[in-house]
Amino acid sequence: MTSADIRVGLIGTGFARRVQLPGLALVPGTKPVAVASGHRANAEAVAREFKLPLVFDDGVELARSPEVDLVIVSSTPDSHARYAIAALEAGKHILCEKPMAIDAFEAAQMVAASEQHPDSIAWLDHELRLEPNRRHARELIRSNALGELRHIELSLKPYLRGDGRPQTSDAPWTWWFDASRGGGILGAVGSHLIDLCRFWCGSEIRFVAGLVETFVKQRRDEAGLMRPVTADDFASCVLQTATGVVATITLSTVAQHGPGHLGQVTGSDGTLLLSGETKLEFAKAGGPLEDISAPDDLWEKTRPNNMWARSFVRLMREMVHVIRGGSPQAEPATFRDGWQVQRVLDAVRSARGVRLD
């Protein structure tokens, strides 16, 4: 491909408007040109805000547009497979949001389409692979600084809404609370943390046990009507990799207080502790924790200023580099990675415990 700008079309007007379009301003070589939404008024509003010349009310039309080179699928998960496959069939490059699909069957169809069109780059937006502290953690794990890797604990409490407040029981009903459209904390954040476990360990997950729960059964929508909540607002699981590493993940959207993102990686010779979005500590066995937080050159340059937005910019810079013929530097998540994560999500949701009453 020539050095001309890569023309980007975005399907969706939520995360795409809040994070991705502002982030693309920090990605040289990209030119956002199109947006699509099933609610055309939303697409038109985003097009006006970001001065995009093309508006579509169908993601498939955008995916097939000759004016677009790269499609970012940032719509609800129940539409990911349809739009991603259409983009691949049209010869486009694609970045798809997570969770990859509604289930592993749809994800497998997306993998097949990507492998049938090998000239198209098809990645999942597991941007935490490019977050500096989490990348540094991987380097330490892979260099054997922790010794034999034994177990990983990852949690998120509370979960913050787009306005920075805890989700809790007063958050209005949206598709996010509808399981049939791919809502729920397990897919939204659990998919990232499952991918991190695979990324850190370099091994597939072979055992899954888990539980999802919906504590808030109804929420009021924007019209004031009470709507049933069918998606999970709590999820917990235990995973084991093929190499024997055990991981536990706990997520809650109903916790009002807590440390936010918290992670601990334990090896035979040392420990890593991730606190929030910006702190990484390391300790040798029996020694004190030492702050080894990695610098972030994008600090306060993105809108919003959080690890998701900053890491998205890095991922897009990597994608531009690869589209232009460069070799991948960051080991981004492929569609096959997304399928492996989707298999774990499906297993957690289908897990059945034993009642002792």
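K157 has G260 in β13 as its bridge partner. This belongs to an antiparallel pairing of strand β7 (residues 149-157) with strand β13 (residues 260-267), which extends over eight bridges. The model is predicted, so local features need pLDDT of at least 70 and side-chain atom pairs count only at pLDDT 80 or more, while totals for chains, interfaces and linings use all residues. Residues are numbered from 1 along each chain as its sequence is written, and side-chain values use heavy atoms, with hydrogens and water left out.

**Strands**
- Strand β7 also runs parallel to strand β12 (residues 246-252), to which six bridges join it.
- In β12, L251 is the bridge partner of L156.
- Two strands count as paired if DSSP finds at least two bridges between them.
- Strands are DSSP runs of E with at least two residues, helices are runs of H or I with at least four, and both are numbered from the N terminus.

**Helix α9**
- Helix α9 (residues 335-350) has 16 residues and, at 1.5 Å a residue, should span 22 Å; its end C-alpha atoms are 22 Å apart, which agrees.
- The expected span is 1.5 Å times one less than the number of residues.

**Helix packing**
- The axes of helix α5 (residues 104-116) and α9 come within 9 Å and cross at roughly 170 degrees, which makes α5 roughly antiparallel to α9.
- Axes are lines fitted to C-alpha atoms, for helices over the stretch in contact, and angles run from 0 to 180 degrees between N-to-C directions.
- Angles under 35 degrees count as roughly parallel, over 145 as roughly antiparallel, 65 to 115 as roughly perpendicular and the rest as oblique.
- In contact (heavy atoms within 4.5 Å) are A104, A107, A108, M110, V111, S114 and E115 of α5 with F335, R336, W339, Q342, R343 and D346 of α9.
- Helix α4 (residues 80-89) packs against α5 at about 5 degrees, with the axes 9 Å apart, so α4 is roughly parallel to α5.
- Here H80, A81, A84, I85 and L88 of α4 meet E106, Q109, M110, A113 and S114 of α5.

**Cysteines**
- The whole structure has zero disulfides, a disulfide being a pair of cysteine sulfur atoms within 2.5 Å.
- The cysteine sulfur closest to that of C197 is in C201, 6.1 Å away and therefore too far for a bond.
- C197 is buried, at 2% relative accessible area, and C96 counts as buried because its relative accessibility is 0%.

Conventions: Buried < 20%, exposed > 50% of the residue type's maximum accessible area, 1.4 Å probe, protein only.
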